[in-house]
Number of protein chains: 2
Amino acid sequence: MLRNCIVSKMPFFNFLFMNRLYHQKLITKHSLMCINYTHNLAGKQQRIKENVQPVNKFVSRSHTCGELRLQNVGENVQLCGWLEFLRADKFLVLRDSYGSTQFIIPTHRKDLQEMARNLTFESILSIEGRVLKRPEGQKNKCMGTGDIEVEIKSLKVLNIASLNIPFIIRDYNKANENVQMKYRYISLRYPELQKNLRLRSEVIMKMREYLIKECNFVDIETPTLFKNTPEGAHEFIVPTKLLDQFYSLVQSPQQFKQLLMVGGFDRYFQVARCYRNEKPRHDRQPEFTQLDIEMSFVDCEGIMMLIENLLAYSWPQESGELTIPFKHLKYEDAMELYGTDKPDLRIPQQLCRLTELIDHSVLEQSLKMEQNEHREVYALVFSQKHDFLTKSIKDTISELQCTYFPSVKLIQTKIPNKSPVITNIIDGNVQQKLNLKKGDVLFLACGEKVNTQSLLGKVRLEFTKFLESEDQEIFTSRNELLWITDFPLFSFNTETNSLETMHHPFTQPHPDDMQYLMNNPLKVRGLHYDLVMNGFEIAGGSIRIHDSKLQKQLFKMLNIDETHLMHVLDALESGAPPHGGIAIGLDRLMCLLCNTKNIKDVIAFPKTTTGRDLMSGAPVPISEEIKRFYNIQTVDK
Amino acid sequence: MLRNCIVSKMPFFNFLFMNRLYHQKLITKHSLMCINYTHNLAGKQQRIKENVQPVNKFVSRSHTCGELRLQNVGENVQLCGWLEFLRADKFLVLRDSYGSTQFIIPTHRKDLQEMARNLTFESILSIEGRVLKRPEGQKNKCMGTGDIEVEIKSLKVLNIASLNIPFIIRDYNKANENVQMKYRYISLRYPELQKNLRLRSEVIMKMREYLIKECNFVDIETPTLFKNTPEGAHEFIVPTKLLDQFYSLVQSPQQFKQLLMVGGFDRYFQVARCYRNEKPRHDRQPEFTQLDIEMSFVDCEGIMMLIENLLAYSWPQESGELTIPFKHLKYEDAMELYGTDKPDLRIPQQLCRLTELIDHSVLEQSLKMEQNEHREVYALVFSQKHDFLTKSIKDTISELQCTYFPSVKLIQTKIPNKSPVITNIIDGNVQQKLNLKKGDVLFLACGEKVNTQSLLGKVRLEFTKFLESEDQEIFTSRNELLWITDFPLFSFNTETNSLETMHHPFTQPHPDDMQYLMNNPLKVRGLHYDLVMNGFEIAGGSIRIHDSKLQKQLFKMLNIDETHLMHVLDALESGAPPHGGIAIGLDRLMCLLCNTKNIKDVIAFPKTTTGRDLMSGAPVPISEEIKRFYNIQTVDK
């Protein structure tokens, strides 16, 4: 069936050449062969294939390329896969998602040797053969199937790969990210992506199992084509055939899940697709997935316990230990100790408030600051790291301060430091409080409270990152999960001079703070909780308002036009149970479980930071005809 | 806590009145009470609640309203739910999604009687009490909990329902569909919707279980924001911030699932959201869900076996028996015997071709038709149903013929019929062939083949529907599933004078028909299969083209500009395994499993036929600011 041709002494170049011939002359014959294959390969005998592994049911192979072991020696097998290696007209290696298997061509089979020479890497082969034990000394311990090899009886080329394939699956000389995204269908063959996406499927299945089987939840699909939300500045819109009528793609199923509670579905979940057209950021995609959960007759504790048990149930062994219950920290304490509401507890260092210990007039004089009685002073100490406070990291940190917190003064120093400025400020009391020793590194910041805390929070991460890069072990290896609670319900936007919600307008105010709602709203906490893992927010939720009068009041305080949300208010008056819920960001959780920082590593077909699909080119221009159909026209701003 | 007030003799009107007072004066107090509830209800003691039913984990209730039985007598319980009934200051019934429970107020508890009088139907209550055996003679056999009642110790009103609630949950006087859709959050409380959506969740979970656990499939999420497809006239578009750059919402994950096969994920599935902006039809929604499946190294048989086993595994008991393997019928045979490619095999009647038995000149003369040698004659007989061939059904069927098949002649008659027209045509041979007996009904049609078959196919359904409405049993009660195969690959559009694909351009031509591809393409069958249940198509799929040259050829034949699909062609050249797949329409399957004809009965928040969400009003106008952001303007055609 295949053309005979001269065999070069350089097998690789030879097969490239052969392949070109093959492509030019034989493609029709080949193509027909493949079609016949797909029609006949399994046929009726599949119906009686009973004791087959789950992964091989209903298909033509008898085993995957990762399956054969010593106990299979002597069996006749059929394997299908991608050509990974070819060597000396004798050995070839097939790869599929489950592993690789080595095949040998018997010396007398000139026909097979001929065929092999014509093959390109990544071509699809189907091979029948007999499993042999590898000769002693030729076993490969790095290969799951390294104890055996398969002697080829027949080989079919199911699809030949082009010579112009942009890259092949090797550990070295990897293509850059953009090339890998353009040819995503090839990079998906890399073992890492195979592993990540398979793990994602497993973890989500375990979550479903826990919710449905262990807790009687109901998986309910809610619409994604919906109405714009009052605060939805970043929603994608979808024109319809009706003049000037648009859907918006949901940012989350928030309203629907609350309405389901009103509708009597007291335990809802959904693996929900959500859409946000936000500013480009490396860990954001225009569409993303969250595990969305809502329950009736529940309180904060109930939701947190559910999530702890859910994660414990679905946690993959390879992602390290998980201990429940998780730690709890109030928002205020998180800011006080870590300068962030997403503290990474794997870093042991904490901030220390020095405001009362420091002589503020000395401080102001030394640092040439104006007098300000609201000034706070915080310190952060890295014990015995003074070798690492290099000029370079100091500059990085100074830049960070100048960019984000220009109003905060920052001292970065090794201990001891004999300069008068430092010795004036760091007196004996302070030294004792901080337990300062020779060789320590001290960061000291003063300014408005939240900014001062936040600056040191960032310094804590930045200096740790630097120490890690210098092979200093700072992170503990544990997974550190904790709940942050008691968030403020509102923040104040000084630009618009108005209250804004910290999370969303449906969050229930804390019952102990109801007396402040009207006259001191910034003091009101919300019944909101975030779950933080190793410095990343992986889930957030709240108990919701179920009283329509209170909900109306909040809309009013937040300047939200209630006429757009009448269905929510009506629903709360129609028998709405107390309810609350949470959403887990699955893309980010999977990053942590797969130990990658790149969100694209856990998504099959990711878009670039600017929302471009490099493979298909989307988004693209559309025809005038389609625009007319949707009653729109493009206008340049 | 609640106001004392005068008690009327008419409990229903009284409680309406009380409730109004309550609403006007007491709402703040009430609202605070509810908030306290949500914060404190479960608290720390939840942490030690161990041996609790799955459905009651993490929440405040001890049991659902459908759970208590005789063995619970004597227990102290806490139930939460919707107030369903109130009677004589003494009895009240709480309902939740799991059932109803009757509560009694002890005669001496005037405070509780007072509270009860203030309640509105559908208000949310939390009740603590003790389970009692109902007195003999007062048991309710229609109620799961009918053997017991709960004596109230304490009652909390968690949320009062408005007096203006548009409807309450009763079996009689149901609100019309539009009102039910506007207040969907109330109609979701109806037991039928509760049952359907819970069944949907269960069935889909079983499908996942089968695919993942029994067959090693991987659940992979693919993007919905994509590029328009060449034939995508009915795709929704999504403008982006980039001038004149649009995403399109996917009609299905077709391209992605094929690319996953190229990427080495040899067994993929997804419960996928799909979008189609098609003409309004009662069984269509702008977004819908399909179970999307694709496999490598598979043939038609393999996919069909997978689906048979998948459905057998996930089939709910209450939906009747399912027998596998399913029947098979070729497209041509389905048309020949049933006049449709979606035959309902529960109807035993088949078409019978009479073309060769009939004297065509007699036929033409009798029916005053022009001579036409391509004319076909088909008959359909309903045995012993002549009483039911009323003028009314004859008119309905004639209208059907005039509307859809004006070129086909149709005779509808009881047997015997002595009119010369009939006796001329129906001679002895025909009578024998059709086994015609006195009392039968005969439909006889002649015209162009496919139209003639199709007309009788519709008559078969229409007359059966009529017989059913007259209490004549025609349908067998079995579930009749069958595969339709050997579809033509192309159809010919006489308006545009061009070939069109019957399904999609990625379908593999039948290997036995490859020789006709260039010179007689209408003779080529595709490796496509549809699954039909009781007359509805519930799944469809095909073996795909994996050879890029053949794919290019098909694009060319179909006038598809390949430049828009270069990523697909490139992928087929980069090591693409032979592959095929299928998609099950979950909305329609659930209709059949739930025994409803209305697709809205199996979707939580359906839209109207015209794509309107009556609850929120979506789609809606958007602000000029948002239009500017997306560089678009609305224009009236």
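Modeller: This is a predicted model. In chain B, B:G540 stands opposite B:A583 in strand β22(B).

Biologist: How do β21(B) and β22(B) pair, and over how many bridges?

Modeller: Strand β22 of chain B covers residues 579-585, and β21(B) pairs with this strand in the antiparallel sense over five bridges.

Biologist: What about β20(B) and β21(B), how many bridges there?

Modeller: Strand β20 of chain B, residues 528-533, is antiparallel to β21(B), and the pairing runs over six bridges. In this pair, B:M533 stands opposite B:F536.

Biologist: Is β21(B) enclosed or open to the outside?

Modeller: Strand β21 of chain B spans residues 536-543, and six of its eight residues are buried, so the strand is largely enclosed by the rest of the structure.

Biologist: Let us turn to chain A. Which strands make up its eight-stranded open sheet?

Modeller: In chain A the order is β6-β10-β11-β22-β21-β20-β17-β12, with mixed pairing. The edges are taken by β6 (218-219) and β12 (327-330); each has a single partner strand, so one side of each is left without a neighbour in the sheet.

Biologist: Which residue of β11(A) is the bridge partner of A:Y268?

Modeller: The partner of A:Y268 is A:E294. The strands β10 (residues 267-275) and β11 (residues 287-296) of chain A are antiparallel and share nine bridges.

Biologist: And chain A as a whole, how many helices and strands?

Modeller: Chain A has 18 helices and 23 strands. Its C-alpha atoms fill a box of roughly 95 × 70 × 55 Å along the principal axes. Of its 637 residues, 60% count as buried. Among contacts between residues at least 6 apart in sequence, 68% join residues at least 24 apart.

Biologist: What is the confidence for chain A?

Modeller: The mean pLDDT of chain A is 90, and 92% of its residues reach 70 or more. Over residues 1-48 of chain A, however, the pLDDT is below 50. That stretch still has 104 contacts in the model beyond near neighbours in sequence. For the model as a whole, ipTM is 0.91 and pTM is 0.92.

Biologist: How many salt bridges are found over all chains?

Modeller: The whole structure has 72. Within chain A, the side chains of A:E177 and A:K600 meet in one at 3.3 Å, N to O. A:E177 lies in helix α4 (residues 177-182) and A:K600 in the loop between α17 (586-594) and α18 (624-629), so the pair ties together parts that are 423 residues apart in sequence.

Biologist: Is A:K600 buried or exposed?

Modeller: A:K600 is buried, at 8% relative accessible area, whereas A:E177 is partly exposed at 37%.

Biologist: Which residue does B:E278 pair with in chain B?

Modeller: B:E278 forms a salt bridge with B:R284, with the closest N and O atoms 3.4 Å apart. B:E278 is partly exposed at 28% relative accessibility, and B:R284 is partly exposed at 27%.

Biologist: Last topic: where is A:T340, and what does its side chain reach?

Modeller: A:T340 sits in the loop between α9 (331-338) and β13 (351-353) of chain A. Its side chain reaches the backbone nitrogen of A:K342 at 2.9 Å. Leaving aside residues up to four places away in sequence, A:T340 touches A:A334 and A:M335.

Technical notes
Residues numbered from 1 in each chain as written. Chains lettered and ligands numbered in written order. Predicted model: local features only at pLDDT ≥ 70, side-chain atom pairs only at ≥ 80, totals over all residues. Heavy atoms only, no water. Buried < 20%, exposed > 50% of the residue type's maximum accessible area, 1.4 Å probe, protein only. Helix = DSSP H or I, 4+ residues; strand = E, 2+ residues; numbered from the N terminus. Pairing = 2+ DSSP bridges. pLDDT = per-residue confidence, 0-100. Contact = heavy atoms within 4.5 Å. Polar contact = N/O pair within 3.5 Å; in protein donor to acceptor, adjacent residues only side chain to side chain. Salt bridge = Lys/Arg side-chain N within 4 Å of Asp/Glu carboxyl O.
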